[in-house]
Amino acid sequence: MDDLKTLTESVCCIAREAGAFLKEERKNFRQEAVQLKHSHDYVSYVDKESERRIVAALKALLPEAGFIAEEGSADYHDEPYCWVVDPLDGTTNYIHDNAPYCVSIGLRSKQELLVGVVYDPCRDECFYAWKGGGAYVNGTPMHVSAEAEAENAFIVVELPYNADRYARTGEHLIHRLYGKVGGIRMTGSAAMAICYVAAGRFDAWLEAFIGKWDFSAAALMVQEAGGRVTDFHGSDAFLEGHHIVATNGPLHPLMLELIKEEPPLL
């Protein structure tokens with residue numbers, strides 16, 4: 001694959017079109033259309049239709065690639081490349097008419113991330129990166145923050161749906177951070193929060209029990225923006241896992257140490 005920049009530009013157009021669909025459907029969204037996938041984990045016709053449109057466009061763009069798609073509308077059969085698609089990240093936010101929510105599209109080979117695009121229709125911001133090409137938001141280069149002091153850090157601590165296996169870890173993180181850092185937030189969209197780390201708006205983020213579609217596209221942006229992404233054990237081989245830490249780099253040891261103090265039942 002020779003021109004990742006051109007490919008990324010095409011994916012940005014696809015993500016923007018899907019995001020426009022999300023925003024338009026939100027105007028007349030019907031709560032009765034929401035279905036429960038798992039405990040507190042929802043899906044609607046909007047997720048499914050958004051994914052159908054994205055998959056069709058990506059198939060035309062790169063026919064030799066397979067798919068890992070959240071709503072299961074396409075499959076991966078050991079193709080050399082794989083699209084990783086979340087047609088609506090932040091579904092709970094969306095159904096409650098709450099920002100942020102977004103479209104997330106990543107492309108990976110069997111070994112590494114190649115392209116990442118996340119579009120936020122709420123703020124009309126398109127975040128994107130390609131391997132070796134840097135990370136951008138609406139054409140402006142992104143860089144992680146330089147914050148190294150915990151007392152000034154702006155940190156995202158998400159609480160995943162799997163409370164049985166994560167509650168003690170979540171409580172521990174909040175206990176250790178609350179009142180000791182610059183601020184703690186929960187966004188409800190992993191993809192958006194990771195993009196904000198890449199853009200220097202957050203300094204660190206972590207979450208467990210999430211899908212590849214939640215983090216793949218945005219993880220590349222953090223890497224290309226000068227930050228660090230690992231699993232909860234500090235391994236760079238995070239792509240096949242479900243527990244991810246993304247930071248500006250200087251704060252990475254702190255986040256790993258906090259997890260080590262009260263690890264979840266992974």
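Hi everyone, this is a quick walk through the salt bridges in this structure. Keep in mind that we're looking at a predicted model.

Some background to begin with: side chains of opposite charge can pair when their charged atoms come close. In this model, the count comes to 13 salt bridges. I'll just go through some of them.

Let's start with Asp97 and Arg26. They form a salt bridge, with the closest N and O atoms 3.6 Å apart. Now, Asp97 sits in the loop between helix 3 (91-95) and strand 5 (102-109), while Arg26 belongs to helix 1 (residues 4-26), so this pair ties together parts that are 71 residues apart in sequence. And are the two partners buried or exposed? Asp97 is exposed, at 54% relative accessible area, whereas Arg26 is buried, at 15%.

Next up, Asp78 and Lys110. Here the closest N and O atoms of the salt bridge are 3.2 Å apart. Asp78 is in the loop between strand 3 (65-69) and strand 4 (81-89), and Lys110 is in the loop between strand 5 and strand 6 (113-120), so the pair links parts that are 32 residues apart in sequence. As for the surface, Asp78 is exposed, with a relative accessible area of 52%, and Lys110 is partly exposed, at 42%.

Then there's Glu125, whose side chain meets that of Arg123 in a salt bridge, 3.8 Å from N to O. Glu125 counts as buried, with 10% relative accessibility.

Last one: which residues does Glu49 link up with in a network? That would be Arg52 and Arg53, joined with Glu49 in a network of salt bridges.

Key: Residues numbered from 1 in each chain as written. Predicted model: local features only at pLDDT ≥ 70, side-chain atom pairs only at ≥ 80, totals over all residues. Heavy atoms only, no water. Salt bridge = Lys/Arg side-chain N within 4 Å of Asp/Glu carboxyl O. Helix = DSSP H or I, 4+ residues; strand = E, 2+ residues; numbered from the N terminus. Buried < 20%, exposed > 50% of the residue type's maximum accessible area, 1.4 Å probe, protein only.
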